[in-house]
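Work through the two exercises below with the coordinates open, and try each task before reading its solution.

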Amino acid sequence: MPYQFTVSPDFGPDQLAGWHIFNTWLQRQLGTDIHFETHDAFDEQRQSISEDQIDIIYANPFDASFLVREKGFVAVASPHNPDETTIAVHADNPVTEVEALQPGCRIAQTDDPDISMMGMILLEPANLDRDNTEALIQDSYIQVAKALIQEKADVGFFLTEAYERLSNLVKSQLKPLVNSDIQVVSHTLLLGPALAERKDELAGKLQAMSDDVQGQQLLDSLGFRSWNPMDEEEMEFMIDLIEALAA
Amino acid sequence: MQDMNPSDIQGEYRETTLDLYNGTQRKVLVTDMETPYPEGKLIVSRTDTEGRITHCNRSFVDMSGYEEAEIIGQPHALLRHPDMPAAAFEDLWNTVKAGRKWHGYVKNLRKDGGYYWVYATVIPNVRNGQVVGYTSVRRKPSRQKVEEAIQTYASMS
């Protein structure tokens, strides 16, 4: 039976094409059959993880904690793209700083747990929390932007990378209030117990990916500059950080 | 730990002696100058089980006013401000040594005698069932919560 590879559901269809090519690369490098499976939502993916149906995953930091601590996954590498969060409002909104946001505000967000958590942390200086705000869950960051533009929501939480990718027309109708600058929290490629012993081999191949033209093209299609091998302690540190933030 | 140096202080200051948890004392020099919390950032550090700093991020260094080399290896009490009641830190250590998370509002002392407020979370770092150190993450606090903390700590001192 082929191994199963999946990526965090926070990627749009345009990026999934790159991950399909990555899966072909992965099969060639590891010399084994790997099936690429996508999930539409975080809940659906978590169900597959809890049923031990995933062997390789490019996971968001929140899920990486669970995968390492509860499911015996090992971190292989992370891209040089830390996960940051952008808080934005409608461009015409008179609010210019987070502290001016008021209780009762409606927050458009996806179901990405990291961005929701960081977004709420960034709203703490305004004394806002889950009890005095309303979460409006959207299917994608484009939908988050739409909810703001159509004034169905007062505030939007974005993965900064996704915010940057919005068209200029969309961005011109939005106003960022704050960007997180955490630097050390990122998505991570993880191997499940069945493949864990190939961690060092894969880490080396990922690191060398930027050395040839084809590898560089693949990195470009994923939106990465390069892969950074991750040791156990670096991963544990990131998990500690996520745990502290979730407090 | 070394006493603070008057040549590092910006502006007028007052001198106080802190009684630290390990029975030692430190002379600190404090001013009323507040440094605002940097937008969007987290201040992160890790200590060993004795509370000596082993790692810190750029925001920690920037906000403390020290050079990184002056920070690594020092007790976390390097940032202890005299307006913080000893009971708050006693609670912190009792909580994390029992393996639990601690969080609270903290007024930190800078090298230049000024201060900055944070909302801090401290968690034990458990590796193979053993506590090997502690991670502290600070974020921007709400002004209202800081005002409440000022009142609470004043009544505890």
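**Exercise 1.** Characterise the interface between chain B and chain A in this predicted model, beginning with the salt bridges that the rule finds across it.

*Solution.* Step one is the count of charged pairs, and the rule finds seven salt bridges across the interface of chain B and chain A. Step two takes one pair, Glu233(A) and Arg127(B), whose side chains meet at 3.0 Å, N to O; this counts as a salt bridge because the cut-off is 4 Å. Step three turns to polar contacts, of which the rule finds 12 residue pairs, both residues being at pLDDT 80 or more. Step four assigns the side of chain B that touches chain A to its elements: strands E3 (43-47), E6 (115-127) and E7 (130-139) and helix H4 (143-156) each supply at least two residues, and E6(B) gives the most, with six. Step five considers area, which is about 1,900 Å² buried between the two chains, with 53% coming from carbon and sulfur atoms. Leu42(B), Arg127(B) and Arg139(B) lose the most area on the chain B side, together 28% of what that side buries.

**Exercise 2.** Describe helix H10 of chain A, and determine how many of its residues are buried.

*Solution.* Begin with geometry: H10(A) covers residues 232-245, and its 14 residues reach 20 Å from first to last C-alpha, close to the 20 Å expected. Next, examine the start of the helix, where a side-chain oxygen of Asp231(A) reaches to within 3.1 Å of the backbone nitrogen of Glu233(A). Finally, apply the burial criterion, under which 10 of the 14 residues are buried, among them Met235(A), Phe237(A), Asp240(A) and Leu245(A).

Notes. Residues numbered from 1 in each chain as written. Chains lettered and ligands numbered in written order. Predicted model: local features only at pLDDT ≥ 70, side-chain atom pairs only at ≥ 80, totals over all residues. Heavy atoms only, no water. Buried area = accessible area lost by both parts, 1.4 Å probe. Polar contact = N/O pair within 3.5 Å; in protein donor to acceptor, adjacent residues only side chain to side chain. Helix = DSSP H or I, 4+ residues; strand = E, 2+ residues; numbered from the N terminus. Expected span 1.5 Å × (residues − 1). Buried < 20%, exposed > 50% of the residue type's maximum accessible area, 1.4 Å probe, protein only.
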